[in-house]
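Take a moment to look at the model before reading on.

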Amino acid sequence: MTKKIGLIGLGYIGTTILDAINKEENENLIIQAVYDIDKVKMKEIAEKYPSIRLMQHLTDFQDCDIVVECAVQQVVADVFDEIVKRGKYFVPMSIGAFISLPNLFSKYQKLAEIKKKNIILPSGAIGGFDCVETIKLIGITSAKLQTRKPNRVFRNNKYIKSNNIKLNENSSVIIFKGNAKLATTYFPRSINVAARLALSTLGPEKTSVEMIADPSISKNIHTIEIESEVGKYTFIFENNPSPTNPKTSWLAALSSIYTIKTI
Ligand SMILES: NC(=O)c1ccc[n+]([C@@H]2O[C@H](COP(=O)([O-])OP(=O)(O)OC[C@H]3O[C@@H](n4cnc5c(N)ncnc54)[C@H](O)[C@@H]3O)[C@@H](O)[C@H]2O)c1
């Protein structure tokens with residue numbers, strides 16, 4: 001049966017999904033409807049893909065089976081209840097919302113297992129969740145993320161400025177150590193990876209995050225360490241930027257497409 005997708009957010013990730021699904025002529029998936037707050041982007045899509053319906057508002061997805069969010073965190077909160085109520089599948093890309101917006105994490109946690117299964121969190125710029133889910137059968141004792149990024153990523157960060165942290169052009173500097181909740185507050189742009197790990201492991205307060213500004217690298221490197229009675233696991237993700245959008249890891253955009261295809 002063909003599954004119909006409602007796509008919210010027509011920026012880099014949204015248009016990557018749109019083009020990928022349309023290019024493939026995949027019989028099992030179609031983009032049914034799209035929405036963006038930017039009306040110019042809506043018009044462009046209407047011209048390029050005349051058969052796609054333009055949604056009139058954020059929750060105008062009644063004819064869709066899957067709602068994919070690739071806009072901003074607030075949109076996740078704004079559509080969450082309607083999606084759960086109407087029993088749609090939901091693929092949220094701005095998953096930092098589950099940690100940084102009040103109530104969303106507890107709402108998600110409290111969902112009945114059968115409804116939770118319809119909320120499908122893309123692995124984004126990291127991975128290894130098959131192993132994580134497996135060892136959860138026994139329990140996770142520690143979950144740590146170390147994110148290493150080039151200095152330029154942090155130069156205009158408010159936390160760095162207000163804490164008078166000096167970046168060094170010759171050696172790496174630890175700029176933050178704390179939990180995922182604080183990391184998402186101080187480094188909102190790195191929020192998705194920390195949130196994704198926290199949601200699948202020990203939650204926002206018990207998942208540790210260290211952030212390093214490294215002048216010697218040009219890509220984003222995420223190292224995850226998970227400890228459990230089952231064993232100790234280390235994953236390293238060295239992400240190249242997307243060829244068409246240097247601000248985003250290529251893996252993150254691809255993961256949104258892969259996730260939709262698995263539904
Ligand atoms: N999960 C991950 O690992 C991961 C990785 C990269 C990006 N992201 C997140 O995915 C989201 C999309 O990323 P992107 O690179 O495509 O961003 P983008 O800035 O290129 O596109 C965002 C789009 O959303 C639209 N938008 C903004 N507010 C809206 C609203 N209220 N309603 C409808 N549309 C709205 C904008 O007009 C824009 O077209 C971001 O929140 C980003 O943080 C997640």
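The paragraphs below move from the whole protein to its parts.

Keep in mind that this is a predicted model. The protein is built from 13 helices and 10 strands. Its C-alpha atoms fill a box of roughly 55 × 40 × 30 Å along the principal axes. A compact globule of 263 residues would have a radius of gyration near 18 Å, and the 19 Å of this protein agrees with that.

Now look inside. Of the 263 residues, 38% count as buried. In soluble globular proteins, nonpolar side chains tend to be buried together. Here the largest nonpolar core has 67 residues, and those touching the most other members are Ile5, Val67, Val68, Ala194, Ala195 and Leu197. Helix α11, covering residues 191–200, gives the most to this core, with 7 residues. Because domain 1 (3–120) and domain 2 (129–241) both give residues to the core, it lies between them.

Finally, turn to the ligand. Which of the 26 residues around the ligand come nearest? They are Gly11, Ile13, Ser94, Gly124 and Ala252. By class, this shell has 16 nonpolar, 7 polar and 3 charged residues. Helix α1 (12–24) and helix α11 each supply at least two residues of the shell, and the largest share, 3 residues, comes from α1.

How values were computed:
Residues are numbered from 1 along each chain as its sequence is written. This is a predicted model: local features need pLDDT of at least 70, side-chain atom pairs count only at pLDDT 80 or more; totals for chains, interfaces and linings use all residues. Helices (H or I, at least four residues) and strands (E, at least two) are DSSP runs, numbered from the N terminus. The radius of gyration is taken over C-alpha atoms; the globule rule is 2.2 Å times the number of residues to the power 0.38. A residue is buried if 20 or more other C-beta atoms lie within 10 Å of its own, exposed if 12 or fewer, and partly exposed in between; C-beta atoms are placed from the backbone. A nonpolar core is a set of buried Ala, Val, Leu, Ile, Met, Phe, Trp, Tyr and Cys residues joined through C-beta atoms within 7 Å. Domain bounds come from an automatic or database domain assignment. A residue is near a molecule or strand if its C-beta atom, placed from the backbone, lies within 6 Å of it. Ala, Val, Leu, Ile, Met, Phe, Trp, Tyr, Cys and Pro count as nonpolar, Asp, Glu, Lys and Arg as charged, and the others, Gly among them, as polar.
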